[in-house]
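Subject: Structure handover

Hi,

Here is the structure you were waiting for. Have a look first, then read my notes below.

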Amino acid sequence: FYTQPITGVQRYARSLVEAGLGHAPDEAWVALPVVGLVPAAEAAATPIPDSRAAKKHIWEQVVLPSSLGPSDILVGLANSGPVALRRQVVTICDATPAIVPETFSFLHHQLFRLSLAAARRGRRVITISERSKVDLMTHYGIKPDLIDVVSPGVGKRFTPGPTEVERPYCLFVGAHDPRKNLAFLETLWPEVKRRTGLELIATGRATSHAHAATDDTEIAVRVDVGDEKLIDLYRGATLVLQPSRSEGFGLPILEGAACGTPFLSTDVGAAMEMAADPDRQVLPLVPDAWINAVVAYEAMTAEARRSVVARSTEIAGRFTWERGAAALGESLRRAAGEDV
C-alpha cells in the first residue's frame, strides 16, 4: 500500500501504521516490496524501487513469508496476504466482489480469491465496520468469532470551520464507477436542483476511466483534490451523498461528519453506525426517497440543522486512528494466543 495511489484502503493502512499498530514502536515493522522489513516509523520515508505490480504480488506470496521470524505475526492491512502463511491476520475490507461482482475485472476476482484463501488460513480476519463483518459472514462463510472490527478514523485536520461558498451544493466523494453509483445522482439532480437550487459537486481522479459526469450534466467535477481542498469542500457542503451499491465503511461520510456536514447514504458500510438520524439519513436506492430527503433537509430550520450537525460531529469524534490502532493491537494479541 506504500506503492499505490492513496484511496480509502491505502489511507486506512498508512494511518494505522502511523498510529502505532497498537504496539510499542520497537515491536512493529513494515514489509516493503523489494526493500524488506523496516521499522514502522521509517516506512513512509523509505524509498521503494519501482517494480511492476505482478512482481509485487510474487514478492508478497514467495519472498515475504521467508523474511519473517518464527514468532512474528504478519498483518495484511490492504486486502491481501501470503496464501501459505498461517501466522497472520488479514484485512478483508468488504464483500463487494460478491455483492456487485460485475463491477470488478476478471483479474481482480482472481487476486481476491488469493486474499480470501490467505484470510481463511490465517489466525484472524480484520474488517472495517459491523456491517462489513455481517457481509463477510454471509457471503464468504467466515466465522464471526474469527472476525475483528478495526474501524478507520479521521485525520485531525478534518474539523468544522469557516469556508466561502458561492452557491450552496451537495458533495459526492469517490470513484466514478458503477459501485459508487454517481450515475444515480446524475439522474435525479435536475429535479433536486429545480426544487432546492442546490448544485452537485463530485470529486474524481484525472486517471478515472469511468466518469459518470459529462459536460452536459448537472454535476461539476473537481479533479485530483488534495486534503486541504477536500476539507473545504466538506465544510461548505449542505450534505455529503453516498448512493453506493456496496461499501466496507464509507470514509467520505465520516470525513464529512467530522467537518460538520451530515450525509445521506444507502444502507452500506458504516452508514447505520454513523447516522445521527438513521430513518432520515439511510435510504433505499429509490430516486423519490433521495429527492425528498434532500428537499426536507434543505427546508429544515437553522436550529434543527445545528442539532443534526452537532450530533453528526459528535459521532464522528468517536472514530480515531488511535482507537483503530488499539483495536488492531487487541486482534494481533488474540492471533498470538495472548489474553486481551
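Start with helix α8. In this predicted model, its buried residues pack against α1 (8-18), α7 (227-236), β10 (240-242), β11, α9 (271-274) and α12 (302-316). The helix spans residues 251-258 and is mostly covered, with 8 of its 8 residues buried. Those are Leu-251, Pro-252, Ile-253, Leu-254, Glu-255, Gly-256, Ala-257 and Ala-258. Just past the end of α8, Gly-260 has a positive phi of about 95°.

Next, the nonpolar cores. The largest one holds 51 residues, and Leu-16 and Met-274 have the most contacts inside it. At least two core residues come from each of α1, β1 (29-32), β7 (169-172), α7, α8, α9, α12 and α13 (321-335). Which residues does Met-274 contact, leaving aside its neighbours within four places in sequence? They are Phe-249, Ile-253, Leu-254, Ala-257, Phe-263, Ile-315, Ala-316 and Phe-319. Three of those names, Ile-253, Leu-254 and Ala-257, are also on the buried list for α8.

Now for Val-294, in helix α11 (residues 287-298). Val-294 counts as buried because its relative accessibility is 2%, and the cut-off for buried is under 20%. Beyond its neighbours within four places in sequence, Val-294 is in contact with Cys-170, Val-192, Leu-198, Leu-239 and Leu-264. Take Leu-198 as an example. Val-294 and Leu-198 are 96 residues apart in sequence, yet their C-alpha atoms are 9.2 Å apart in space.

Pro-33 sits in the loop between β1 and β2 (36-39). Is Pro-33 buried or exposed? Pro-33 is buried, at a relative accessible area of 13%. Leaving aside neighbours within four places in sequence, Pro-33 is in contact with Thr-3, Ile-48, Lys-56 and Trp-59. Asp-50 is 17 residues away from Pro-33 along the chain, and their C-alpha atoms are separated by 9.4 Å.

On the surface, Ile-58, Val-62 and Val-63 form a nonpolar patch. Together they have about 270 Å² of accessible area. Val-62 belongs to helix α2 (residues 53-66). Val-62 counts as exposed because its relative accessible area is 56%, and the cut-off for exposed is over 50%.

Then the charges. Side chains of opposite charge can pair when their charged atoms come close. How many salt bridges are there in the model? The count comes to 18. Here are some of them.

- Asp-227 and Arg-157 meet at 3.2 Å, N to O. This pair links distant parts of the chain: Asp-227 is in helix α7, and Arg-157 is in the loop between β6 (147-149) and β7, 70 residues apart. Asp-227 is partly exposed, with a relative accessible area of 21%.
- Asp-277 and Arg-280 meet at 3.6 Å, N to O. Asp-277 is partly exposed at 26% relative accessible area, whereas Arg-280 is exposed at 56%.
- Arg-334 and Glu-330 meet at 3.9 Å, N to O. Both are in helix α13, and because they are 4 residues apart there, about one helical turn separates them. Arg-334 is partly exposed at 35% relative accessibility, and Glu-330 is partly exposed at 34%.

Salt bridges with shared partners also join Arg-11, Arg-157, Asp-227 and Glu-255 into one network. Glu-255 brings us back to α8, where this residue is buried.

Last, confidence. The protein averages a pLDDT of 90, and 95% of the residues score at least 70. Among the elements, strand β11 (residues 263-265) has the highest mean pLDDT, at 98. Strand β9 (residues 219-223) has the lowest, at 83. Where does pLDDT stay under 50? That happens over residues 209-216, for which the model has 12 contacts beyond four places in sequence.

Best wishes

Terms used: Residues are numbered from 1 along each chain as its sequence is written. This is a predicted model: local features need pLDDT of at least 70, side-chain atom pairs count only at pLDDT 80 or more; totals for chains, interfaces and linings use all residues. Side-chain values use heavy atoms; hydrogens and water are left out. pLDDT is the predictor's confidence in each residue, from 0 to 100. Contact means heavy atoms within 4.5 Å. Buried means under 20% relative accessible area, exposed over 50%, partly exposed in between (1.4 Å probe, protein chains only). A nonpolar core is a set of buried Ala, Val, Leu, Ile, Met, Phe, Trp, Tyr and Cys residues joined through side-chain atoms within 4.5 Å. Patches are made of residues with over 30% relative accessible area and no salt bridge: like charges are joined within 9 Å, nonpolar side chains (Val, Leu, Ile, Met, Phe, Trp, Tyr) within 5 Å. Accessible areas come from the Shrake-Rupley method with a 1.4 Å probe; for residues, only the protein chains shown count as cover. A salt bridge is a side-chain nitrogen of Lys or Arg within 4 Å of a carboxyl oxygen of Asp or Glu.
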